[in-house]
Amino acid sequence: MRVLLVEDYQPLARALAQGLREAGYAVDVTGDGRQGLALAHANGYDALVLDVMVPGVDGLAILRQVRAAGSSAGVVIITARDQVPDRIAGLDLGADDYLVKPFALDELLARLRAVIRRRYQSTTTVVALGDLVIDSAARVVRRAGKPVTLSAREFALLEYLALRRGQIVTRAEIWGHVYDFAAEPSSNVVDVYVGYLRRKLGDGEAGGHRLIRTHRGLGYSLEVEGTE
Amino acid sequence: MNSLRVRLTVSLMAVLILALGTLSIVVDQVVWHALVRQLDAQLADDASAVAGMAEDEGATVEFEYESLPDFERAQRPAYFQAWLDDGQVLARSPSLQGRDLPRPAPRGAAPAFSTLTLPDGRPGRAAGLRQPLRIEEDGPGTARPSGRYVTVAVAQGTENVRASLGAVRRWLALWVGITLVAAALAVVVSVSRGLRAARDVAARVGEIDAARPRPFLPAGRLPDELAPLVDKVNELLARIEESFARERRFTADVSHELRTPLAALRAMIEVALRRTRQPDEYATAIGEMGDVVGQMQTLCENLLALARLDAGAVPVRPEPVALRLLVDDCWRSFQGLADERGLRFANQLDPGDTVTTDRDHLRIIVSNLLSNAASYTAGGGWIVVRSGATSLLQVDDSGPGIPAEILPHVFDRFVRGDGARSAGVHCGIGLALVRALGESLRLAVSAENTREGGVSFQVRAADAVTGSAS
């Protein structure tokens, strides 16, 4: 999942970015509202984490313009202002959630999961596909009851495929949602990670279903045979 | 007694009693005299009538008494007595029963009046008349003065006069009494009504919560005398409200300023603890936390200094301060930040420049100005400290300049609102402290954008400033 973090207080921005990345998100960070707005328009983020008081264009203005442009990205506002009118203003403008500083990192992660789920019309953190179970809250994957250990990026890839299960997901979309600007763009990095993922899941091995299907020239899809 | 009601009532009663008393005495006297004059006129008529009963027959003087009931009745009779000039009693009224009235000695033809005690002991009034007798020589109608005189005294009790006067007095007393009672009631009622408004106002004032004084006192239906008081109280309430609002904003701002670094600390700690890390990762994280704690500490110290200045609890200890050395000393804290951001620094103050002022306060002023410059000057720019034509010292930088809408507010506490932050100027509390400290040292601190696009913060003696240049 790809997240934009707009926060001008550097120590907080650095810590949150690290926390989000370690939780498997692809994170872009900026401390400037104008740059944040440009990034939000340019990329299809799954979620935006916006500080209200940032220089250039404030967080609520970013939210307003992003919503006006038709974005359905989940938006979590973070602010030091805890007065009720501030909250109402944020929620009225289309924020999905509102966190008052200081907040627990776990809470931010939980709310991010919730707003992203909502974006993909999913109501539960646990996705079951045949014998594959993905618990995005606990960050645990099981295949046939046995836990599968995945790296953060592999998990992010699987989570994204699972949220869009049954659909063909292009390499560009995967790139856009799983990788941030810190990652080196490479033509086959997506294919490489899909390969890692298949191997760890034991996908396509004797007796098992092939969960991740390759659609030549289009991309990949995650589906259970016979159900789609 | 300091009661308005009692004082008003007492003074109004005193005036009323004096006025009504005087009026009553005047009325009493006028009525008494009128009644007595009336009685006298009647007595004079009676005396004349009695004198007319005497007839000079030439040899003797005859008195032909015609029966008059006033002089005969047993109860409260009138009296008369007539004398000849030689002292002989010519006649007595039957009521005298042989007793005498005092013989009057009127001068001339006019009757004389006197007050006396009647033979039966009653107080009375008497008229005395000396009248020439006439003689008829040639039959009726040819009377001429005979040369002899008759003196008549007529006396009558004054009880009717007294009764009339008593009635008048009773009416007067009743009228005065009713007037006094009515006036007292009117005063008490109207003063009470006026004071009830005052009591209502007092009760309303008593119920006002100083932190939330609205609604203010209602101005309607108040006596004119209380309206200015209510206006002034409302003005005071407005000032209190404003002051509380400022205080609340300030508290909200302080909490806001502390929440952000606190959020950073919390996030740093939680990220660091999420998994086992390499020692150098911990060291980096703890170092960053230390920086954040340092910023929070500075904010707290500035807040405390500002609060003490507000309370007037900070003593000023003047001593000679070498400016150039002080600036170098202060700059040391910001050297690292400036290096990181590629800022060049020059201290162009004369080594001989000294100023007599409080060293610690000036240090905080200079430190905050340098901190501001080091934080907001665009990377790769320069910062110069020098003395100017009118300034003691000024901190100039290469910009960017402060947006015009922010410039008047840079010394406010927590330049706030998204507008301020959006423009990239976030002053927090440092510059507010600079201005407050400057005031305590009689120094004026101002900020302006230079023609070259930079910012110049200037410190000068307060009396050298014309207008508010900030």
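**Exercise 1. Find the side chain of chain A that meets Arg277(B) in a salt bridge, then follow the links from there.**

Step 1. Take a salt bridge to be a side-chain nitrogen of Lys or Arg within 4 Å of a carboxyl oxygen of Asp or Glu. The partner of Arg277(B) is Glu22(A), with 2.4 Å from N to O.

Step 2. A word on what you are looking at: this is a predicted model, where local features need pLDDT of at least 70 and side-chain atom pairs count only at pLDDT 80 or more, while totals for chains, interfaces and linings use all residues. Residues are numbered from 1 along each chain as its sequence is written, chains are lettered from A and ligands numbered from 1 in the order in which they are written, and side-chain values use heavy atoms, with hydrogens and water left out.

Step 3. Look for another partner of Glu22(A): its salt bridge with Arg275(B) has the closest N and O atoms 3.8 Å apart. This pair crosses between chains, going from helix α1 of chain A to the loop between α3 (227-273) and α4 (279-311) of chain B. Helices (H or I, at least four residues) and strands (E, at least two) are DSSP runs, numbered from the N terminus.

Step 4. Check how covered the two ends are. Buried means under 20% relative accessible area, exposed over 50%, and partly exposed in between (1.4 Å probe, protein chains only). Glu22(A) is buried at 18%, whereas Arg275(B) is partly exposed at 42%.

**Exercise 2. Describe the interface of chain A and chain B in numbers.**

Step 1. Start with polar contacts: pairs of N or O atoms within 3.5 Å where, within protein, one must be able to donate a hydrogen and the other to accept it, and residues adjacent in sequence count only if both atoms are side-chain atoms. Across the interface, 9 residue pairs are in polar contact, both at pLDDT 80 or more.

Step 2. Ask which helices supply chain A's side. Both α1 (10-22) and α5 (105-119) of chain A give at least two residues to the side that touches chain B. The largest share, 8 residues, comes from α1(A).

Step 3. Now count contacts, meaning heavy atoms within 4.5 Å. There are 28 residues of chain A in contact with 27 residues of chain B.

Step 4. Finish with the salt bridges and the area. Between chain A and chain B there are 4 salt bridges. The buried area (the accessible area, with a 1.4 Å probe, that two parts lose on being put together, summed over both) is about 2400 Å², with 54% from carbon and sulfur atoms.

**Exercise 3. Which residue has a side chain joined to that of Asp97(A) by a polar contact?**

Step 1. Locate Asp97(A) in strand β5 (residues 97-100) of chain A. Asp97(A) is buried, with a relative accessible area of 17%.

Step 2. The joined residue is Arg111(A), at 2.9 Å.

Step 3. Leaving aside neighbours within four places in sequence, Asp97(A) also has contacts that include Val75(A), Ile77(A) and Leu91(A).

**Exercise 4. What do the buried residues of α3(A) pack against?**

Step 1. In helix α3 (residues 59-68) of chain A, the buried residues include Leu60(A), Ile62(A), Leu63(A) and Val66(A).

Step 2. The buried residues of α3(A) pack against β1 (2-6), α2 (33-42), β3 (47-51), β4 (74-79) and α4 (84-92) of chain A.

Step 3. Look at both ends. At the start of α3(A), a side-chain oxygen of Asp58(A) comes within 2.9 Å of the backbone nitrogen of Leu60(A). Gly70(A), with a positive phi near 90°, follows α3(A).

**Exercise 5. Where in chain B are the two ends of the salt bridge between Glu159(B) and Arg122(B)?**

Step 1. The closest N and O atoms of Glu159(B) and Arg122(B) are 2.7 Å apart.

Step 2. Glu159(B) is in helix α2 of chain B and Arg122(B) is in the loop between β5 (112-117) and β6 (123-136), 37 residues apart.

Step 3. Glu159(B) is partly exposed at 21%, while Arg122(B) is buried at 13%.
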